[in-house]
Amino acid sequence: MVGQRQARSAARRTQDERPLPPTARRRRGASSTDVDVLRSSAAKGQTDGAAAAPRRTLTYADALDGARRGTFPDEVEPQLATLVTGPPQGEGWLYEVKFDGYRMLAQLRGGRVTLLTRRGQDWTERFASVRDDLARLPAREAVLDGEIVIVGPDGVTDFQALQNALSDGNDGREGRLMYFVFDLLYLDGRDLRDCAQVTRKRALKALLEEAPEEGTLRYTEHLEEDGAAVFQHACKLGIEGVIAKRPEAPYRSGRGNSWLKVKCGKRQEFVIVGFTEPSGARQGLGAILVGVNRLGKLAYAGKVGTGFTSKTLTTLRSRLESIERAKPAFAGAPRMRGVHWVEPKLLAEVQFSAWTRDGRLRHPSFEGLREDRTPESVIVEREQPPPAPPPRKAAGASSKAATAARSKGASAAAGKAVSAAARRAAGTTPGKAAGAAAIEASGKAPRGGRGGADRIEVAGTRLTNPDKVLYPAQGITKLALARYYAQVAEHMLPYVAKRLLTLVRCPAGQGKPCFFQRHEAEGLSEAIRRTLVEEDDGKRTYLYIESTEGLVSLVQMGALEMHIWGSRVDRIEQPDMMVFDLDPAPELPWERVAEAAKTVRRLLETLGLRSFVKTTGGKGLHVVVPIEARRRWDEVKPFTKAVADALVRFDPARYIATLSKAKRTGKVFVDYLRNGRGATAVAPYSTRARPGAAVATPLSWDELDAPLDPASFTIETVPQRLATIADPWAELPTVRQSITSAMMKQVGL
């Protein structure tokens with residue numbers, strides 16, 4: 001309610017109480033000469049006196065809730081939206097059209113305008129008409145955020161047309177060049193970034209009402225209809241997608257959860273790594289070869305042969321020939337005839353239908369070149385699940401009927417509003433753009449309010465304090481960690497479900513006091529299961545999980561590490577998994593650890609046992625051996641000790657199997673103690689309560705043949721990895737093998 005009152009208060013002050021002198025608003029009949037005189041005077045710093053007309057300004061910035069005095073921000077990192085699988089459910093969101101152009105921050109200072117890309121590139125001279133229109137705004141100083149696009153006759157933005165306009169030096173021969181502005185960050189001595197989203201947008205709308213009718217500036221309207229309906233109609237109209245924004249949220253640089261983007265199709269940037277020769281009547285080139293960064297290294301992603309115009313084929317060939325190289329810029333290049341490899345400098349926007357299991361693009365189509373990002377920043381975009389709506393009380397029959405009626409009406413209104421938005425964008429009405437006519441179509445004014453921001457659910461688990469930072473160095477919040485586990489649950493649960501847990505709980509976050517927990521405590525979620533286990537002093541209640549909800553519930557209780565037993569709850573005394581923990585001395589390089597893991601693998605193969613490997617979230621590796629749950633702990637642990645001892649005998653200068661740290665210099669400790677009753681090993685895909693928030697990650701054996709940084713596996717990179725490569729442990733659950741009597745004899749037992 002407080003947020004709603006603030007939003008309404010800001011609206012009243014913005015619309016009703018701002019004092020506007022007669023010269024504050026540009027008269028619709030004012031001549032362009034008058035405006036140019038003002039621009040010229042302001043550019044020369046002449047803001048007072050008889051020699052120059054006073055700079056026209058709006059004087060309501062002081063009245064905006066959250067506005068604070070501040071110096072002009074010379075550098076602003078833009079706020080970025082998080083990609084999600086679908087629009088968030090429930091109320092508390094504004095929806096804007098997702099544009100298909102170049103993100104652009106505009107700085108206006110004393111009549112001088114600078115247009116900056118996301119990377120901070122100065123593109124002012126590329127968009128002279130936008131620069132000139134911004135210079136006419138009634139403000140001494142302002143920072144605006146928006147997107148420069150080409151709008152076609154159908155009202156839909158066209159990225160390739162924008163590229164063509166840039167290459168031709170033409171402001172929009174294939175459509176109308178426009179700057180859709182959706183945020184106002186600074187205005188005449190007041191920093192607005194702490195103001196609510198709705199407050200900033202109302203201030204922006206008032207400012208853009210002064211823009212010339214025939215110009216390039218457009219205010220980005222928003223919808224407050226049902227998100228699913230807005231998204232559905234946007235996709236029908238051929239729009240790229242929608243952006244969902246929290247109405248009460250401040251502007252925060254970087255990627256966060258108060259802005260979400262939902263795309264109508266899969267589309268992202270790729271690095272061009274090569275091209276092929278054309279065939280038949282085609283000119284220029286046949287296809288481009290593209291790559292993407294995975295775990296910090298460029299990797300091949302596929303071949304793109306459609307979506308080009310004849311002109312693009314020719315001009316792109318010329319640009320690529322100038323950066324040819326003899327060999328590919330990445331490892332594992334496919335063998336193709338007639339391929340020209342190039343330096344990884346140019347980026348292509350590509351639309352595609354899906355990723356294949358081996359990390360290739362399916363049905364890709366070229367959309368255009370991108371010049372506002374670096375090749376190093378191009379990674380696989382991984383969708384996250386949208387935040388869950390706050391829980392609702394059960395509704396009666398009449399309430400449910402009313403809700404259904406509202407939903408049906410909202411869908412119809414959303415369809416009309418989005419359609420009107422496209423028509424408006426194609427038209428010439430000033431101050432109207434994507435989302436325009438939303439208010440007229442719905443009959444509603446923008447609402448404030450918290451919208452359930454403090455009542456967030458992930459996988460059925462309600463999170464308290466979702467914005468609490470658990471990893472300060474990375475800024476990882478409880479919500480981000482919960483969403484990570486929801487994403488990887490499909491891969492993680494086969495190895496974690498129904499295994500007793502030992503948790504490392506850090507309620508205040510990494511770097512603050514933490515503690516181990518394995519027994520029941522008060523206040524735990526019902527999704528965290530309990531079972532009695534015999535201990536030396538009697539039975540104690542242990543914990544385990546079976547579902548994604550249970551996994552996320554562990555995050556809710558502040559668990560930053562999850563360690564698992566080698567047996568399952570239905571057969572606690574018969575382990576079905578052995579773990580060899582390879583812990584290197586601090587001075588040893590990665591290559592020595594990888595070599596140790598491969599040596600353990602070969603030793604196990606001589607016994608007839610198949611093994612798998614994973615990182616631990618630290619410098620070490622775990623070699624994991626699935627077995628049938630037949631032998632007891634007092635048989636399995638001695639077997640693993642015998643294997644470790646055999647490795648030490650094989651090369652005592654490199655390996656040690658005792659806990660003595662004094663003797664471990666220059667050696668890898670082969671820790672078999674994980675295989676005793678009650679001992680645990682860090683779970684696959686678990687985070688670690690250490691600086692860097694690294695994740696224990698399953699690998700393929702082939703990955704040990706190349707340099708690898710275990711710290712590169714994080715809650716951001718691991719979901720991307722799972723989306724683009726085949727599961728390296730896909731066969732582990734199907735392996736059927738046991739410790740036989742012959743094996744026991746072979747190791748001396």
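Mentor: A nonpolar core is a set of buried Ala, Val, Leu, Ile, Met, Phe, Trp, Tyr and Cys residues joined through side-chain atoms within 4.5 Å. Buried means under 20% relative accessible area, exposed means over 50%, and partly exposed lies in between (1.4 Å probe, protein chains only). The model is predicted, so local features need pLDDT of at least 70 and side-chain atom pairs count only at pLDDT 80 or more, while totals for chains, interfaces and linings use all residues. Residues are numbered from 1 along each chain as its sequence is written, and side-chain values use heavy atoms, with hydrogens and water left out.

Two further terms are needed before we begin. Helices (H or I, at least four residues) and strands (E, at least two) are DSSP runs, numbered from the N terminus. Domain bounds come from an automatic or database domain assignment.

The largest nonpolar core has 90 residues, and those touching the most other members are Leu481, Tyr484, Tyr485, Met492, Leu554, Phe639 and Leu704. Helix H10 gives the most to this core, namely 11 residues. The core lies between domain 3 (461–568) and domain 4 (577–747), because both give residues to it. As a general background, nonpolar side chains tend to be buried together in soluble globular proteins.

Consider next one of its members. Contact means heavy atoms within 4.5 Å. Not counting residues up to four places away in sequence, Leu554 touches Leu501, Leu503, Ile528, Ile545, Ala559 and Met562. Another core, of 35 residues, lies apart from the largest one and includes Ala135, Leu137, Val181 and Leu184.

We now turn to the sheet. Two strands pair if DSSP finds at least two bridges between them. The directions quoted below are those of axes, which are lines fitted to C-alpha atoms (for helices over the stretch in contact), and angles run from 0 to 180 degrees between N-to-C directions. Four strands in the order E26-E25-E29-E35 make up an open sheet with antiparallel pairing. Its edge strands, each pairing on one side only, are E26 (515–517) and E35 (681–682). Helix H10 (residues 478–496) packs on this sheet, touching strand E25 (501–505) and E29, and its direction makes about 0 degrees with that of E29. Helix H11 (residues 548–556) also packs on the sheet and touches E25 and E29; the direction of H11 makes about 130 degrees with that of E29.

Within the sheet, E25 and E29 run antiparallel and are joined by five bridges, with Arg505 standing opposite Ala559. Three bridges join E25 to E26, again antiparallel, and here Leu503 stands opposite Gln517. E29 (residues 559–564) pairs with E35 over two bridges in the antiparallel sense, and the bridge partner of His563 in E35 is Val682.

In a regular strand the side chains alternate between the two faces of the sheet. Both faces of E25 are covered: Leu501, Leu503 and Arg505 are buried on one side, and Thr502 and Val504 on the other.

Aromatic rings complete the picture. Rings of Phe, Tyr and Trp (its six-membered ring) pair if their centres lie within 6.5 Å; planes under 30 degrees apart count as stacked, over 60 as edge-to-face and the rest as tilted. The whole structure contains 17 aromatic pairs. In one of them, the rings of Tyr484 and Tyr485 have centres 5.0 Å apart and planes at 65 degrees, so the pair is edge-to-face. Both Tyr484 and Tyr485 are buried. Trp565 and Trp633 also form an edge-to-face pair, with 6.2 Å from centre to centre and 80 degrees between the planes. Because Trp565 lies in the loop between E29 and strand E30 (577–584) and Trp633 in helix H13 (residues 633–650), this pair ties together parts that are 68 residues apart in sequence. Trp565 is buried, at 1% relative accessible area, and Trp633 is buried as well, at 6%.

Helix H13 also holds Thr640, a buried residue with a relative accessible area of 0%. Leaving aside neighbours within four places in sequence, Thr640 is in contact with Met578, Phe580, Tyr672 and Asn675.

Finally, helix H14 (residues 717–724) is mostly covered, with seven of its eight residues buried. The buried residues of H14 pack against H10, strand E13 (288–294), strand E18 (354–355) and strand E36 (698–699).
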